[in-house]
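Please keep the sequence and the 3D view at hand while reading the points below.

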Amino acid sequence: MQTIEERLQLVKDRLLQALARFGRPADAVTLLAVSKTQPAQAVREAAAAGQRAFGENYVQEALDKIQALADLRAQLAWHLIGPLQSNKTRVVAESFDWVHAVDRLKIAQRLSEQRPAALPPLNICLQVNVSGEASKSGVAPAELPALAHAVAALPRLRLRGLMSIPEPAADLEAQRLPHRELKRLFDSLCAQGLALDTLSMGMSADMDAAVAEGSTLVRIGTAIFGARDPKPPATTDRPCGWSGGA
Ligand SMILES: *Cc1c(COP(=O)(O)O)cnc(C)c1O
């Protein structure tokens, strides 16, 4: 059995290899460790090994973990990568550093209104339903520009970029297509004057394809923490933005 530290190192090595293979700088991609369903102790081990950014899908589970790891709060960045319902926006605005799956203006407006004045603006990625999206969530590409400009104008948010969860595909070439599409949408928003710097794309199974197409943040769970318990945690949050397990 490998330790979390060992698996983390293997993932970082694999990421560096992919970056070199596709001609990108070694520091071009942030590794987000997806710790959903994992105990706080697993996050503590990863943090002790130098990992700083953690992704969670279920709000209540994440809040419990953030509290259990309060002593590390200043060093860690907590990213909500799962779907967010409007009745949870306040606790999310108060506790997280990033929210990745925003696909409606109403949710963004609530997050902006509820972000405490003492905290820096909340970092936001818009989830886009690119071709082959496995779920129904995510804004349609045709509606993305209007949503992006509206979110960018909200005072207590900082629009950082786009995220997607493409349908699993078997080979590298097929995996690259939806990532290429997200990058194209990203570039066109940048050309319209939005200062974006984050393309949140790539998971354990399609990390190389995402790196090839310009990802700046890969979300890796199982490759770092091992397989998840197939049962979702006892919480009212459903992982409805993600049909691939957990
Ligand atoms: C669970 C999850 C991941 C991590 O998936 P792995 O296959 O474990 O790497 C990434 N992104 C989202 C949105 C997820 O829900």
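A polar side-chain atom of Arg-228 lies 2.8 Å from an oxygen atom of the ligand. Taken alone, the ligand exposes 380 Å², of which the protein buries 95%, where accessible areas come from the Shrake-Rupley method with a 1.4 Å probe and, for residues, only the protein chains shown count as cover. The model is a predicted one, in which local features need pLDDT of at least 70 and side-chain atom pairs count only at pLDDT 80 or more, while totals for chains, interfaces and linings use all residues. Residues are numbered from 1 along each chain as its sequence is written, and side-chain values use heavy atoms, with hydrogens and water left out.

**Around the ligand**

- Of the 13 residues around the ligand, Lys-36, Asn-57, Ser-204, Thr-222 and Arg-228 come nearest, a residue being near a molecule or strand if one of its heavy atoms lies within 4 Å of it.
- The shell divides into 6 nonpolar, 4 polar and 3 charged residues; here Ala, Val, Leu, Ile, Met, Phe, Trp, Tyr, Cys and Pro count as nonpolar, Asp, Glu, Lys and Arg as charged, and the others, Gly among them, as polar.
- An N or O atom in the side chain of Lys-36 is 2.7 Å from an oxygen atom of the ligand, whereas for Gly-221 a backbone N or O atom lies 2.8 Å from an oxygen atom of the ligand.

**Ser-204**

- Ser-204 lies in the loop between strand E7 (198-200) and helix H8 (207-212), with helices (H or I, at least four residues) and strands (E, at least two) being DSSP runs numbered from the N terminus.
- Ser-204 counts as buried because its relative accessibility is 19%, and buried means under 20% relative accessible area, exposed over 50%, and partly exposed in between (1.4 Å probe, protein chains only).
- The side chain of Ser-204 makes a polar contact of 3.3 Å with the side chain of Thr-222; a polar contact is a pair of N or O atoms within 3.5 Å, and within protein one must be able to donate a hydrogen and the other to accept it, while residues adjacent in sequence count only if both atoms are side-chain atoms.
- A polar atom of the Ser-204 side chain also lies 3.4 Å from the backbone nitrogen of Ala-223.
- Although Ser-204 and Arg-219 are 15 residues apart in sequence, their C-alpha atoms are 7.4 Å apart in space.

**Strands E1 and E8**

- In strand E8 (residues 217-220), Leu-217 and Arg-219 point one way and Val-218 and Ile-220 the other way, and all are buried.
- E8 pairs with strand E1 (residues 30-34) in the parallel sense over 4 bridges, where two strands pair if DSSP finds at least two bridges between them.
- The bridge partner of Leu-32 in E8 is Arg-219.
- Thr-37 is found in the loop between E1 and helix H2 (40-48), and its phi is near 65°, a positive value in a residue other than glycine.

**Asp-97 and Arg-73**

- Asp-97 has its place in the loop between helix H4 (89-95) and strand E4 (98-102), while Arg-73 lies in the loop between helix H3 (59-68) and strand E3 (77-80).
- The side chains of these two residues, Asp-97 and Arg-73, are joined by a polar contact of 3.0 Å, and the side chain of Asp-97 reaches the backbone nitrogen of Trp-78 at 2.8 Å.
- Arg-73 counts as partly exposed because its relative accessibility is 24%.

**Helices H4 and H5**

- The buried residues of helix H5 (residues 105-114) are Ile-107, Ala-108, Leu-111, Ser-112 and Gln-114, and they pack against H4, E4, strand E5 (122-127), helix H6 (144-152) and strand E6 (157-163).
- Thr-89 has its place in helix H4 and counts as buried because its relative accessibility is 0%.
- Leaving aside neighbours within four places in sequence, Thr-89 is in contact with Leu-84, Ile-107, Arg-110, Leu-111 and Gln-114, contact meaning heavy atoms within 4.5 Å.
- With one of these residues, Gln-114, the side chain of Thr-89 makes a side-chain polar contact of 2.7 Å.
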